[in-house]
Amino acid sequence: MKQVKHWIDNAAVSGAGTRRLPVWDPATGTQQAEVLAATPAEVRAAVESALAAQPGWRAASLSRRAEVMFRFRELVDAQRKEIASLLSAEHGKTVADALGEVARGLENIEFATGAPHLLKGGFSEQAATGVDVYSIRQPLGVVAGVTPFNFPAMVPMWMFCNALVCGNTFVLKPSEKDPSVSLLLADLLMQAGLPPGAFNVVQGDREAVDALIADPDIAALSFVGSTPVARHVYEAGTRAGKRVQALGGAKNHMVVLPDADVPAAADAAVSAGFGSAGERCMAVSVVVAVGSVGDTLVDAIAERIRQIRVGPASDPDAEMGPLISREHRDRVAGYLDAAGGQVVIDGRDAHDGPGFFLGPCLVDHVGTDSVFYTDEIFGPVLSVVRVDTYEEALALVNANPYGNGTALFTRDGGAARQFQYDAVCGMVGINVPIPVPVAYYSFGGWKSSLFGDLHMYGPEGIAFYTRAKVVTSRWPDPATSAVDLGFPKVR
Ligand code: NAD
């Protein structure tokens, strides 16, 4: 059976740990590989390798660091298909969806090639007589990233591209559910010229994450995953003195006003609700239908759902693949027996045969105290909540404990502007259902969708992976030197 190893010092290594975790093929329901589970000793080996590499990598010029990212960009671009097919094989998403993931990852590499510009400091000449003041940004040292199963290529690229180009070295702990692509990316980084130790991968689960949190030589941790684990990583990491950004789960509301274009809104709700089988942190999971739009909108959504083709990634016509695991599929399917909503479409019979499939499901008249509304289901279950007014819709968005993304569908520019002003949420779409920012902005939710101060990637990513230093300097004529016990002042 294929074995997925760690990556330390630019080589795949097995380490001494004996624990193994299964990697399933979600399309067939069979085990396709086993992944090593790192022990604290293997985590320490990766950290020591990253520690040893950091001074040399930090000393590499900005152009040299950017050059590695340029080469990495070319290699990823040339291997889009190979990366996408590996993503599909372990995650189950369609090849078209996987290619989209690679494309959004590429954006982050491209942003990182421009980091030398973003790392420029400020300079104030003559802040006092003969005194100049300037700021510089320096890397943190060794930083780590812990990533979820749903974007095994893109989310690591959100982190390590900026971390590396800022002069840090990086230890990645990918999801144990689809770990192989981490090694492909590590190999491409090596081919791009990244020195040994600058990028290491430790495979595994909680044991590896806890070892990363406890390691005193890791300066910062980036985490993306579910809210309970994000909260744990944030609390334990900050207690251990680390800088932490921990992105959590979501319940993204798409508000549809009565004046919206209903076919366009239905297209958007179905695309954003069922793409990647609903396993996206920016998936639309709740449609909030305002006033008279409810019945026509639900009919239009149902009509589109009935045409979705569910199947494995090997079927070129499949639009929606399986869920990540048997347990997760069964948990999501279990919601269809819950109280608190009217099931319009039950996807449990949508696909015959093996694999962790569940077809798209639609639940109307969902009550806000039902599990359809309160839980992050993270699967192909779209809930519709009906309200009478814009104010009620906004109150729902703002009262929700999550604040990742939200969207408004309308033809009224004034309502749209008011919504972007009022929404208590980190990312807002206006007639855009999945408003994932481009790589030169930053990604992050509010409330229980993000613990920490700085969002992921973009300018805030550069800020997260560096610390600021301000230098005050003068080159006086020694002949003018004198003792002065007064507090220095500029005027
Ligand atoms: P998860 O929280 O189960 O796992 C995420 C990572 O944490 C994995 O690497 C896993 O091995 C590790 N982990 C799991 N349990 C742990 C524990 N108790 N202690 C320490 N580490 C632990 O998440 P998942 O199921 O892989 O991914 C789905 C979740 O991620 C959803 O909630 C989704 O909304 C969220 N997500 C959020 C974003 C975002 O940007 N906000 C993006 C993608 C996914």
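**Ground rules.** I am reading a predicted model, where local features need pLDDT of at least 70, side-chain atom pairs count only at pLDDT 80 or more, and totals for chains, interfaces and linings use all residues. Residues are numbered from 1 along each chain as its sequence is written.

**Entry 1: domains.** I looked up the division of the protein. It has domain 1 (2-248 + 449-471) and domain 2 (252-430). These bounds come from an automatic or database domain assignment. Taken over C-alpha atoms, the two domain centres are 31 Å apart. I then checked where they touch. In domain 1, 17 residues are in contact with 22 residues of domain 2. Contact here means C-beta atoms, placed from the backbone, within 7 Å. On the domain 1 side, α3 (80-91) and α4 are the elements that give two or more residues. Helices are DSSP runs of H or I with at least four residues, strands are runs of E with at least two, and both are numbered from the N terminus. That side divides into six nonpolar, eight polar and three charged residues. Nonpolar covers Ala, Val, Leu, Ile, Met, Phe, Trp, Tyr, Cys and Pro; charged covers Asp, Glu, Lys and Arg; the others, Gly among them, are polar.

**Entry 2: ligand.** Which residues come nearest to the ligand? I found Pro148, Gly225, Ser226, Gly249 and Cys281, out of 28 around it. The elements giving two or more residues to this shell are α8 (206-214) and α9 (227-239). A residue counts as near if its C-beta atom, placed from the backbone, lies within 6 Å. Domain 1 and domain 2 each supply at least three shell residues. By class I noted twelve nonpolar, eleven polar and five charged.

**Entry 3: helix pair.** I followed α4 (residues 95-113) to α6 (residues 154-165). Their axes lie 9 Å apart, at an angle of about 10°. Axes are lines fitted to C-alpha atoms, for helices over the stretch in contact, and angles run from 0 to 180 degrees between N-to-C directions. The two helices are therefore roughly parallel, a label for angles under 35 degrees. Among the residues that meet are Arg104 and Ile109 in α4, and Trp158 and Val165 in α6. The contact holds seven nonpolar, three polar and two charged residues.

**Entry 4: sheet.** I traced an open sheet of three strands, ordered β1-β5-β4, with mixed pairing. Strands pair if DSSP finds at least two bridges between them. β1 (2-4) and β4 (20-25) are at the edges with a single partner strand each, so one side of each lacks a neighbour in the sheet. β4 and β5 (residues 30-36) run antiparallel, joined by six bridges. Trp24 has Gln31 in β5 as its bridge partner.

Technical notes: Parallel < 35°, antiparallel > 145°, perpendicular 65-115°, else oblique. Contact = placed C-beta atoms within 7 Å.
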